[in-house]
Amino acid sequence: MAAQPVGGQKPFHVVSPVLESLPLSKAVGAKVFMKLENVQPSGSFKIRGIGHRCQDAARKGCQHFVCSSGGNAGLAAAYAARELGLPITVVVPSSSGPTPVRKLQELGATVEVYGKVWDDANSRAQELAKTEGWVSIHPFDHPLVWEGHSSLVRELKDSLEAKPGAIVVAVGGGGLLAGVVAGLHQVGWQDVPIVAAETQGAHSFHESLQAGRLVTLPDITSVATCLGAKTVSARALECARECRVISQVVEDAEAVRAVEQFLDDERMLVEPACGAPLAVLYSGRLQRLQREGRLRTPLGSVALVVCGGSNIHTAQLRALKSQLGLE
């Protein structure tokens, strides 16, 4: 289903399905409703905010987009650029691997591989953005990106009969979190707790939350490279002050096992970044949070944002399992 026009321009994202997952509901002990962002045109939720930002930049005369990305933001920006008929250069770190590069090129993007992690690629993108007529499309840290992502919560409000007891999301740089918080304010759900999941080795939000200030990780060591921002956006920390945000960190092995379990349960393959929130549900962490009094009992229902991700295929899943000793 196509999304409704905003400001006279039809958005590039679709209204994604909301389905109950019986296996996840059984694991959690409450109804789990999946917001299936993996069916978006670019493969993830990123098209919501990045599409919105690209449309705004095009209206203001942008001649060439440049985006730094571990994969999914670049794919969203490349999709939007193709729809708008504008050229785009996407700078990806070497840690992204060949899959996103091939998909970006198929969308018509010029791809430059630079540095080891996203932060390196972003420095290069900022240099390129100094070119006359070029506009930098930040993958997560821009108010229009958050505004675009907030549409996800409005759709949840339209789909669910009652307010959920919790919303479970993945956190990389903090763009999805910022969008969810904006959406919760818009629909009057700001009292709904958000469970924010990261993998160990890409847990910059968790470290910043613990310290009460932005903390930069020395390196990204997680296999969930799409969660790999060494520092989250300042807005992510502000969100934790505006809403109840509960940080949960899972091991890489848990995330990859959750990806495989979800494939068996729901016949959908998502990347390890999306495996982090799935692992929170499969592992009993929500019940532990209930026992600790951090989530209410009974929960009623849980909304899970299945953020998706294009940097995964069956051979890669097998390789990740082998790398982590899960075979």
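Two strands are taken to pair if DSSP finds at least two bridges between them. The model described here is predicted.

**The four-stranded sheet**

Under that criterion, β5, β4, β3 and β6 form an open sheet, in the order β5-β4-β3-β6, with parallel pairing. Within it, β3 and β4 run parallel and are joined by four bridges; Ser-68 stands opposite Val-91 in β4. Helix α4 (residues 98–106) packs on this sheet, where it touches β4 and β5. The direction of α4 makes about 155° with that of β5.

**The six-stranded sheet**

A sheet of six strands is also open, but its pairing is mixed; the strand order is β1-β2-β10-β7-β8-β9. Strands β1 (18–20) and β9 (245–250) stand at the edges with a single partner strand each, so one side of each is left without a neighbour in the sheet. Strands β1 and β2 run antiparallel, and Glu-20 stands opposite Phe-33 in β2. Helix α11 (residues 252–266) packs on this sheet, in contact with β2, β8 (194–199), β9 and β10 (301–306). The direction of α11 makes about 95° with that of β9.

| Strand pair | Bridges | Direction |
|---|---|---|
| β3 (residues 64–68) and β4 (residues 88–92) | four bridges | parallel |
| β1 and β2 (residues 31–36) | three bridges | antiparallel |

Conventions. Residues numbered from 1 in each chain as written. Predicted model: local features only at pLDDT ≥ 70, side-chain atom pairs only at ≥ 80, totals over all residues. Heavy atoms only, no water. Helix = DSSP H or I, 4+ residues; strand = E, 2+ residues; numbered from the N terminus. Contact = heavy atoms within 4.5 Å. Axes fitted to C-alpha atoms, helices over the stretch in contact; angles between N-to-C directions.
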